[in-house]
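Work through the exercises below with the sequence and the coordinates open. Each task is followed by a solution in steps.

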Amino acid sequence: MSEPLEDPKPLQADRLPETVQGRENEKERLEKLKTESTASHNLFVHGPRGTGKTHAVKSVLNDVDRECYVSCTENDTQYKALKQILRELGENIGDGHHTSDLQRMLLEKTELMQTTIVLDDIDFLLLNDGDDLLYFLSRMKTSNNVDLVMISSNHTGLEPQLEERTYSSLHPRRISFEPYTAEDAYQVLLERAQKALVDQSLQKAALTYISSTTQNISIGLYWLRHAAETTDTVITESHVQQVQQKAYEKYIEQLLKPFMDHHRLLYQAIQELNTEKDVIRAGEIYTKYEELCDTYSQNNLSKRRLSDFLKHLKLLDLIEVEYHYGGSKGKTREVYLREL
């Protein structure tokens, strides 16, 4: 038999499928809110990672004339986000501009034409830079010509994350994406698999195992693709079990790609400590991270900076953090590695 993988493209997690399987109700709500005549067209879309939020939003906005997509993991300040928005609008933006220059340029760009701005993974921008960008976008003179779609994988509401003046200007309407069930995940992955794999090359039990282990579709796609790339026969349940950890590592590698090497070193420190002990404290992570910096000839960053990086790993759903108060050390943090 030939190798199972016939066309890898349908198994790419960032590939927009022709139909967003299992999210018909959410798409219908997005369509309805997009066309309703209300005071605010600003939307807040939330739900766990791998639930199809970004794909559903992009699918609904496919026919919008002017849509700007901004990944806030890569553009986590007002300055970076404004530059990306202007690039999406066709401006050749170099370095050396002041934030006020970029704001003025965006005002000019949105003076006559309706524009939709999607801020994906907005939690990273809010954590790093506050809500200054949202305040500007909601209060600028051309705000009636700008519709905002803000996507979050970590918060069910924006109000606690923003200053009152910003939230009152945005007044976004909310759409929730619930986690997929195992059955839903199976159907989504099956549709992709049928387009990517040779007929009769995937056992039902293998796909059932993947979809019952994780309902994060992005992880499932990395897992399915890696399984297909590492066998020249049928993809069996036994095989997907064998490649489970390696597939998850590939998912994490892609997830951390937009971030600094120090994010990866910090995550490696947590991984290594996880094999040694059940409870990992933040201080131990910093010590292990410094050891890894010496190993890889890297200058270590400050504990304050690394504290923000720990928050990033939590936003990516790679770790869980528990806070404990009291005792001689005051507030302490215990970190747990999330595993597939």
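**Exercise 1.** Which residues is Y79 in contact with, leaving aside its neighbours within four places in sequence?

Solution. Step 1: contact means heavy atoms within 4.5 Å. Step 2: with the neighbours within four places set aside, Y79 is in contact with D95, G96, H97, H98, T99 and L102. Step 3: Y79 is placed in helix α3, where helices are DSSP runs of H or I with at least four residues, strands are runs of E with at least two, and both are numbered from the N terminus. Step 4: the relative accessible area of Y79 is 25%, so this residue is partly exposed; the classes are buried under 20%, exposed over 50% and partly exposed in between, with a 1.4 Å probe and protein chains only. Step 5: Y79 and G50 are 29 residues apart in sequence, and their C-alpha atoms are 28 Å apart in space.

The model is predicted, so local features need pLDDT of at least 70 and side-chain atom pairs count only at pLDDT 80 or more, while totals for chains, interfaces and linings use all residues. Residues are numbered from 1 along each chain as its sequence is written, and side-chain values use heavy atoms, with hydrogens and water left out.

**Exercise 2.** List the buried residues of helix α3 and find which elements they pack against.

Solution. Step 1: α3 covers residues 78-88, and its buried residues are Q78, A81, L82, K83, Q84, I85 and L86. Step 2: these buried residues pack against the strands β2 (67-71) and β3 (115-120) and the helices α4 (99-109), α5 (122-129) and α6 (132-139). Step 3: after α3 comes G90, with a positive phi near 95 degrees.

**Exercise 3.** Is I175 buried or exposed, and what does I175 touch?

Solution. Step 1: I175 belongs to strand β5 (residues 173-176). Step 2: its relative accessible area is 1%, so I175 is buried. Step 3: apart from neighbours within four places in sequence, I175 is in contact with R29, L30, L33, F44, V45 and H46.

**Exercise 4.** How do the axes of α14 and α15 cross, and which residues meet?

Solution. Step 1: two packed helices are described by the angle and the distance between their axes. Step 2: the axes of α14 (residues 282-295) and α15 (residues 303-315) come within 11 Å and cross at roughly 105 degrees; axes are lines fitted to C-alpha atoms, for helices over the stretch in contact, with angles from 0 to 180 degrees between N-to-C directions. Step 3: α14 and α15 are therefore roughly perpendicular, the class for 65 to 115 degrees, with under 35 roughly parallel, over 145 roughly antiparallel and the rest oblique. Step 4: from α14, I285, Y286 and Y289 meet K303, L306, S307 and L310 of α15. Step 5: the residues of this contact divide into five nonpolar, one polar and one charged; Ala, Val, Leu, Ile, Met, Phe, Trp, Tyr, Cys and Pro count as nonpolar, Asp, Glu, Lys and Arg as charged, and the others, Gly among them, as polar.

**Exercise 5.** What is the phi of S297, and what is the phi of Q200?

Solution. Step 1: most residues other than glycine have a negative phi. Step 2: S297 is not a glycine, yet its phi is positive, about 55 degrees. Step 3: S297 lies in the loop between α14 and α15 and, at 69% relative accessibility, counts as exposed. Step 4: Q200, also not a glycine, has a positive phi of about 65 degrees. Step 5: Q200 is found in the loop between α8 and α9 (204-213) and is exposed, with a relative accessible area of 73%.
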